[in-house]
Amino acid sequence: MKEKNKKNNTINIIIYIVLIAIIILLLLHNCTFKNKKESKVLSGNVDIFEINCDKKTCLVEPTKNEPKKDEPEKEIPVNKEEPNTERDIEIDEGSVIVEDDDITWTNSNKLRIFSNAMYENKNVIAPEDSNTYKFVVRNNTIYNVKYSINFVETNNYNINLKYKLKRGNKYIAGDESNWVSYNELDFNDKLLDISESDTYYLEWKWVSSDNDALVGNSLNANYQLKIELDAEEIE
Amino acid sequence: MKNKKSLLAIIVLLVVVGVSVSTYAIYKSSATGTATATAAAWVVKVNNANIVTEDEYTFSASDIVWDNSVSNAQAGTIAPGSTGTIKIKIDADGTQVPVDYTVAIGTVTDGTNNVSAAAGFTVTKATSSPDLTGTIDYSATEGGMEKEITLQVTWTGTAADSDDKITADLGLASKTLKIPVTVTATQHLN
């Protein structure tokens, strides 16, 4: 009986040790500074911090500034009350951004996809009108990422809008001869390395159809296209 | 029992730590753009009838303005030699695209679609009228997208005709005439 108890205790101790080791490994793994980007050597009147750990929140020591040779040396104020102060900084992860010729997208943007020169660049469209909208997805983060783009249409008047989508100079939806519906434009998990960008060209066209006159006769018939991008770090 | 509780506590801790660090560790980002378009208006009326929603417009007798050239015809009637005009107003005001139009004149018949019974009646474009086919350019100005087509209706014959009237003419007394005119409007494409 005593031996049995002793054996059980041993097993329990081993289990505890293994579990604690797993916890420690998990913590260490996710505190690792992944995809560390090589920093440029900065010059000029900047503060250069020497990072002496590889955590996202690091302890740093300010180093002496080295002014440019062609600029007069400036006296750098030192906090006399707290010399050699150690400070905490948060490393800016950056973000994946989307931009067009006018703006960088936020979550409340109105895009000029349907801007029409025939109507003083207002978003007014008529049958057989067409145009192209360019946008760029840019990885300004410190990670390699993958991203997905989803297109959502609101079309209560059944306007026969069709699309093509190019990435760079290659069609990824539709082609030279064929237009597709909005729901054929979606794609998932496109890889994008640090500092890289993808350029997209969204072509649209109101293809003539039998209900065009009814649409135009419904004054102020409108149409909406939403483009949603989601990006995440590649593990 | 105590050992089992401790083991359970560590497993729960492990799960909580695993979930929290995995959530914390993955960078995520999103962006959304929205675009709205308005369809260009299409509003075309023929003699005030919306041709998008109405397939047919019936002219009334009052739409025809008869000349009083047949002086010996009873007032309110027409006789061989009479001429009249019908005005067809194509109104595209409010339309936001240029409009191509066509006015096609069909065969005149009597009320029973009898063509021969209406022999002698002709309907043509009046000399002073714009062409039966054309384009109305886009204009935001009120009245800037209107076009009036004038048709001339003629009952051949002369007031001085002293011959006995032909059967066809006599047969048209108190009859109704049908003059089909079809107006087609389409968006002008460059």
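## Strands and the model

Two strands pair if DSSP finds at least two bridges between them, and strands themselves (E, at least two residues), like helices (H or I, at least four), are DSSP runs numbered from the N terminus. By that rule S5(B) and strand S10 (residues 146-155) of chain B are antiparallel partners, joined by nine bridges. In S10(B), B:Lys147 is the bridge partner of B:Ile90.

Please keep in mind that this is a predicted model, in which local features need pLDDT of at least 70 and side-chain atom pairs count only at pLDDT 80 or more, while totals for chains, interfaces and linings use all residues. Residues are numbered from 1 along each chain as its sequence is written, chains are lettered from A and ligands numbered from 1 in the order in which they are written, and side-chain values use heavy atoms, with hydrogens and water left out.

## Other partners of S5 in chain B

Strand S5 (residues 83-91) of chain B also pairs with strand S2 (residues 45-46) of chain B, in the antiparallel sense and over two bridges. Here B:Lys45 lies opposite B:Asp91 in S5(B). Strand S4 (residues 64-66) of chain B is another antiparallel partner of S5(B), with three bridges, and B:Val65 faces B:Thr85 across that pairing.

## A three-stranded sheet in chain B

Chain B holds an open sheet of three strands in the order S9-S6-S12, with antiparallel pairing. At the edges are strand S9 (133-136) and strand S12 (181-187) of chain B, each of which pairs on one side only. From one strand to the next the twist averages 20°; the axes behind such angles are lines fitted to C-alpha atoms, for helices over the stretch in contact, and angles run from 0 to 180 degrees between N-to-C directions.

Within this sheet, strand S6 (residues 99-105) of chain B runs antiparallel to S9(B), and four bridges join the two. B:Asp100 stands opposite B:Thr135 in S9(B).

## A five-stranded sheet in chain A

Chain A has an open sheet of five strands, ordered S4-S7-S12-S9-S10, again with antiparallel pairing. Why is one side of strand S4 (96-100) and of strand S10 (170-173) of chain A left without a neighbour in the sheet? Each stands at an edge with a single partner strand, so one side has no neighbour there. Neighbouring strands of this sheet are turned against each other by 30° on average, direction ignored.

A:Leu165 has A:Ala173 in S10(A) as its bridge partner. S9(A) and S10(A) form a hairpin with two residues between them, and A:Gly168 in the turn has a positive phi of about 65°.

## Salt bridges

Over all chains, the whole structure contains nine salt bridges (a side-chain nitrogen of Lys or Arg within 4 Å of a carboxyl oxygen of Asp or Glu). One of them joins the side chains of A:Glu99 and A:Arg138, at 2.6 Å from N to O. This pair links distant parts of the chain, 39 residues apart: A:Glu99 is in strand S4 of chain A and A:Arg138 in strand S7 of chain A.

## Where the chains meet

How many residues does each chain bring to the contact? Chain A gives 58 residues and chain B gives 38, where contact means heavy atoms within 4.5 Å. The two chains bury about 4,000 Å² between them, 59% of it on carbon and sulfur atoms (buried area is the accessible area, with a 1.4 Å probe, that two parts lose on being put together, summed over both). B:Tyr27, B:Thr32 and B:Ala35 supply 17% of the area that chain B buries against chain A, more than any other three residues.

One salt bridge is counted between the chains: B:Lys28 with A:Glu232, whose closest N and O atoms are 3.9 Å apart. Helix H1 (2-25) and strand S1 (28-39) of chain B each supply at least two residues of the side of chain B that touches chain A. That side divides into 22 nonpolar residues, 15 polar and one charged (Ala, Val, Leu, Ile, Met, Phe, Trp, Tyr, Cys and Pro count as nonpolar, Asp, Glu, Lys and Arg as charged, and the others, Gly among them, as polar). S1(B) also pairs with strand S6 (residues 124-125) of chain A, in the parallel sense over two bridges, and A:Val124 stands opposite B:Thr38 there.
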